[in-house]
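Here are a few exercises to work through with the model open in your viewer. Try each task before you read its solution.

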Amino acid sequence: MIDFEFEPAVRAQLKMYHAVAENLMRPISREYDEREHEKPWQFYETMWSAAQSLGPGAAPAKSAAADKGDGAQKLRNLYTVLSTEELCWGDAGLFLSIPNPGLGGAAVAAAGTPEQKERFLKRFREGKPKWGAMAITEPGCGSDSAAITTTATRDGDDFVINGTKIFCTAGQMSAEKSEGFVVVWATLDCGAGRAGIKPFVVEHNTPGMTVTRVEDKLGIRASDTAMIVFDNCRVPANHLLGSAEVKTGGFKDVMATFDATRPIVAAMAIGVGRAALDYVRDFLRDQKVPIRYGISPRRLTAVERDFMEMEVQLKAARLLTWRAAWMLDMGIRNSLEASMAKAKAGRAVTLITQKAVEILGPLGYSRKVLVEKWMRDAKINDIFEGTQQINLMIVARRILDYSSKELN
Ligand SMILES: Cc1cc2nc3c(=O)[nH]c(=O)nc-3n(C[C@H](O)[C@H](O)[C@H](O)COP(=O)(O)OP(=O)(O)OC[C@H]3O[C@@H](n4cnc5c(N)ncnc54)[C@H](O)[C@@H]3O)c2cc1C
């Protein structure tokens, strides 16, 4: 028997996250979509205080239920995707801008030594709001991370980093405006391909790290997306996460970051999709358009078919996402499931939000309601943390047992 019921304590936590989404995020959602580069400082402070009150190490994207005992702690990743869905039902851009270690923290957790985890993540437990970011993408390299050209050269007790990173989520907040950090992927040996690529922690305001541009975007406009230039940027050697050895297979440890972050992005997509679905459900109810379940598919109206398809897509994506997160909690390798969840959820939310705009007609396309915004916010889930095509390719590779050389 498979049980999908959550314990009362978890349900109570999710209710709290939903209240945050409804009362703190939705009211400012349109405002910070339209004023893209302005910062909702009051919201940040509130979310930061809430995270601190949840206890040591708690981050807003992590359910407090995860801190309530051993059983809950074991399901930390599952609770993270649940809380992410709730908060992104509120606003995905604001969710990405909440002060927390973010993708940078995920990289430290996945690739760092126990000592590095303690050293770099400790600061997120106290003081003023802080952010973390991860910088992989470059002007000439996105999907193919083996093509990274940013270099890290050993010089005495330091590494010296040179290169340009683009489209770094929370890059400006992490590099300039808080006591956060940016985890930068750079190569120790340009001739070594993937084996030479290592993640380095670069502390905020380190000389040589400069934010040179903040992007104007289609969606998730409350989240900053930065170009960062590293010009002879010097970091202590112990800021290299994990082993400095350039060896075949070493890149797997670095890539493990995605096993944790892809289910979170999938949950973001599900939150946005659910927002659109809920809106359409209420709209149809107000218009007295029934959704008749349990009748022959031949007798369904086009709207009923569309709505049920949207529901099916959302539920399928959610189940895949829960499985991927749960496997991570159980210590089971989940690269296949994480990519499946991410690919499915990215596609599902794109379809659901476009259908929502379509079903609502002119209202859906207008700025009177948030549905057009959700359609814009949806697409990023098909792009970052591996595009739709890349995740499908990973799924194919793993199912068919091909290497990245054989299927690319
Ligand atoms: C808002 C936003 C936030 C982002 N945040 C971050 C961040 O925090 N950190 C970070 O490092 N990056 C971030 N990115 C970058 C993102 O991860 C990349 O855009 C993504 O990995 C794709 O890389 P690319 O844009 O270079 O596209 P390309 O790799 O050039 O791909 C272009 C198209 O070709 C397809 N394609 C590529 N290779 C293949 C293949 N082998 N088979 C089939 N199709 C293929 C892709 O799916 C895509 O559709 C962000 C991007 C955006 C838009």
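**Exercise 1.** Sort the residues of the shell around the ligand into nonpolar, polar and charged.

*Solution.* Start with the classes: Ala, Val, Leu, Ile, Met, Phe, Trp, Tyr, Cys and Pro are nonpolar, Asp, Glu, Lys and Arg are charged, and the others, Gly among them, are polar. The shell then splits into 12 nonpolar, eight polar and one charged. A residue belongs if its C-beta atom, placed from the backbone, lies within 6 Å of the molecule. Of the 21 residues around the ligand, Ile136, Gly142, Ser143, Thr169 and Thr387 come nearest. Strand 1 (132–135), strand 3 (158–169) and helix 14 (388–400) each give two or more residues; these are DSSP runs numbered from the N terminus, with H or I and at least four residues for helices, E and at least two for strands.

This is a predicted model, where local features need pLDDT of at least 70 and side-chain atom pairs 80 or more, while totals for chains, interfaces and linings use all residues. Numbering runs from 1 along each chain as its sequence is written.

**Exercise 2.** Work out which domains the ligand lies between.

*Solution.* The assignment, automatic or from a database, gives domain 1 (8–103 + 117–125), domain 2 (132–239) and domain 3 (251–400). Domains 2 and 3 both give residues to the shell, so the ligand lies between them. Their C-alpha centres are 30 Å apart. Nine residues from domain 2 and eight residues from domain 3 make the contact (C-beta atoms, placed from the backbone, within 7 Å). On the domain 2 side, that's five nonpolar, two polar and two charged residues.

Note on methods:
Two residues are in contact if their C-beta atoms, placed from the backbone, lie within 7 Å.
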